[in-house]
Amino acid sequence: MTRLLLLSAASMLCLSACAQPAAAAPPVKARYLAAQLLNDAPSSEVRSPPSGPGLARKSSPSWRRSARAHPPAPLTRVEAAKRTALREPDSETYAGAVQVYPWSEGGLYRLYAAPGQVSDIALQPGETLVSVAAGDTVRWIIGDTSSGSGATRRSHVLVKPSGTGLSTNLVIATDRRVYHVDARSNARTAMTGITWTYPEDALLALRGVPAIASDTVSAAVAVDRLNFDYRIEGDNVPWRPVRAFDDGRQVFIEFSPTFAEGEAPPLFVTAENGAVALVNYRVRGHYYVVDRLFSAAELRLGEKDQKVVRILREVPGSRAGRRSR
């Protein structure tokens, strides 16, 4: 009986629809209601009628949903960017034994080093070195020096690893630009040095733009805060420091003017617990510049017959006490 009623209702809906002109289609909701009454559509295919005229909302393609659900990992993007920016040595761009890279903003430059050998990073003539930072300052010895004078004065960053299979990065800041260097150590050979050409500077010169002033400015030292209360003791060797002092921020270790003619000893800092570790320092002429204060440090050179010179910071008042005795 129920089936007959349902069929009758459906017939009435269809007859009423046929009474309209042929060009007009049954309303969307009428079709939906007829399908529900006759139960001739599987439940999995029955959808709610749209809230307004038109078709149901389209879903995004599956490949787009997949791309949004699985974006590239951040570390993957970082590694890809570094591979793109990295510049490796090229046999066609050597000047003698020195690799010459074309400098560009955001570039990353490879330096291969080896234990027992010093590699030179030469900056642009007239460029003033502001700071050097390295990721690994324990197993890598980083120093700096300069050559020439006046307009031809040139800053050099010196790099030397303590072992093979090491890697670190250097960030070299100057008054003109920032250099990013990726350093790797191996047992076979070391690059003598790297330097750069500057295509943008050459373009400016062709356009008649004045060159950057080459006057150098020395690093500021707080003269009124200089502290000379350091004691030097140990072996009497040619590289024994003349004196040591600090300005409350950096320690300056002064050697004789002939210091550059011999072998330079590495500097180790002694912690309060007695542990000894290499410390990062810069070589400026016949000075070591350490960007931190310390209570005790050692200069060591040699293996079998090792020579050691100790640099000790005096406790305030201890020197006067020793003199009075």
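The accessible surface of the protein amounts to about 20800 Å², and carbon and sulfur atoms hold 56% of that area. The model is predicted. Of the 325 residues in the protein, 29% are buried. The fold comprises six helices and 20 strands.

**Contacts along the chain**
- Among contacts in the protein with a separation of 6 or more, 62% are between residues 24 or more positions apart.

**The open sheet**
- An open sheet is formed by five strands, arranged in the order β1-β4-β10-β9-β6, with mixed pairing.
- Strands β4 (residues 108–113) and β10 (residues 178–185) run parallel and are joined by five bridges.
- Tyr-112 has Arg-184 of β10 standing opposite.

**The largest pocket**
- The volume of the largest pocket is about 760 Å³.
- The lining of this pocket consists of 29 residues, and those closest to its centre are Ile-141, Lys-160, Ala-264, Pro-265 and Pro-266.
- Two or more lining residues come from each of the elements β7 (140–147), β8 (154–161), β17 (281–284) and β19 (296–301).
- Strand β7 contributes the most to the lining of the largest pocket, giving four residues.
- By residue class, the lining of the largest pocket holds 17 nonpolar, eight polar and four charged residues.

Key: Residues are numbered from 1 along each chain as its sequence is written. This is a predicted model: local features need pLDDT of at least 70, side-chain atom pairs count only at pLDDT 80 or more; totals for chains, interfaces and linings use all residues. Side-chain values use heavy atoms; hydrogens and water are left out. Buried means under 20% relative accessible area, exposed over 50%, partly exposed in between (1.4 Å probe, protein chains only). Contact means heavy atoms within 4.5 Å. Accessible areas come from the Shrake-Rupley method with a 1.4 Å probe; for residues, only the protein chains shown count as cover. On a 1 Å grid over the protein atoms alone, a cavity is a set of points where a 1.4 Å probe fits but cannot get out, and a pocket is an open set with protein on both sides within 12 Å along at least five of seven lines; lining residues have an atom within 4 Å of a point. Grid points are joined across faces, edges and corners, and a volume is the space filled by probe spheres set on the points. Ala, Val, Leu, Ile, Met, Phe, Trp, Tyr, Cys and Pro count as nonpolar, Asp, Glu, Lys and Arg as charged, and the others, Gly among them, as polar. Two strands pair if DSSP finds at least two bridges between them.
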